[in-house]
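Hi everyone, thanks for coming. Let me put the structure up on the screen, and then I'll walk you through a few spots in it.

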Amino acid sequence: MTTDKFDDLPETRRRGLERMEQVYGFDMSDGDGDFFRYTADHLFADIWNRPGLSDRDRRLVLIGLLAGSGGQDVLTIQIPAAYAAGELDETELREIVILLCHYAGWPMGSRVNAIVEDTIAKAERKWRAGEE
């Protein structure tokens with residue numbers, strides 16, 4: 001995804017912000033500070049662009065890690081983004097929930113299930129609204 005809005009930024013930052021938009025599924029803007037620099041310039045410009053794993057593979061690992069460590073806030077970003085990008089469909093997301101319940105615990109699996117079902121319901125409402 002190449003956008004003109006990042007053309008005035010250094011190459012690494014541009015690549016990072018473009019990748020963030022692709023991974024998250026929403027518009028990004030440049031930010032300040034070391035935390036943002038490491039996120040955009042290292043995590044997204046470098047790590048998310050490495051060969052060897054598909055975005056789907058990275059997303060699966062990340063969802064498992066987040067569920068295991070209680071990262072519900074980031075799951076609310078990653079699950080809808082994976083669904084919108086077509087990396088994980090309804091059946092796969094629901095199977096992830098079942099597996100996570102047994103490995104990450106029922107309470108976390110229940111929270112992930114709520115995110116999954118909310119993601120699917122929002123997509124269905126959006127699809128129906130576009131139908132009419």
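**Aromatic rings, a buried arginine and a helix pair**

Let's start with Phe 26, which is partly exposed, with a relative accessible area of 41%. Here buried means under 20% relative accessible area, exposed means over 50%, and partly exposed lies in between, using a 1.4 Å probe and protein chains only. Tyr 24 counts as buried, because its relative accessibility is 18%.

Before I go on, a word on the source: this is a predicted model, where local features need pLDDT of at least 70, side-chain atom pairs count only at pLDDT 80 or more, and totals for chains, interfaces and linings use all residues. Residues are numbered from 1 along each chain as its sequence is written, and side-chain values use heavy atoms, with hydrogens and water left out.

Back to the rings. Rings of Phe, Tyr and Trp (its six-membered ring) pair if their centres lie within 6.5 Å; planes under 30 degrees apart are stacked, over 60 edge-to-face, and the rest tilted. The count by this rule is three aromatic pairs. One of them is Tyr 24 with Phe 26, stacked at 5.4 Å centre to centre with 10° between the planes. Phe 44 and Trp 48 have ring centres 5.9 Å apart and planes at 10°, so that pair is stacked. Both Phe 44 and Trp 48 are buried. Together, Tyr 24, Phe 26, Phe 44 and Trp 48 make one aromatic cluster.

So what does Arg 59 touch? Leaving out residues up to four places away in sequence, Arg 59 touches Val 23, Trp 48, Gln 78, Ala 81, Ala 82 and Glu 87, where contact means heavy atoms within 4.5 Å. Arg 59 counts as buried, because its relative accessibility is 0%.

Arg 59 is found in helix H3. Helices (H or I, at least four residues) and strands (E, at least two) are DSSP runs, numbered from the N terminus. Helix H3 (residues 55-69) packs with helix H4 (residues 72-84) at an angle of about 155°, their axes 10 Å apart. Those axes are lines fitted to C-alpha atoms over the stretch in contact, with angles from 0 to 180 degrees between N-to-C directions. That makes H3 roughly antiparallel to H4, a label for angles over 145 degrees.

Stepping back, the chain has six helices and zero strands. Of its 132 residues, 36% are buried. That's my tour, so over to you!

Terms used:
Parallel < 35°, antiparallel > 145°, perpendicular 65-115°, else oblique.
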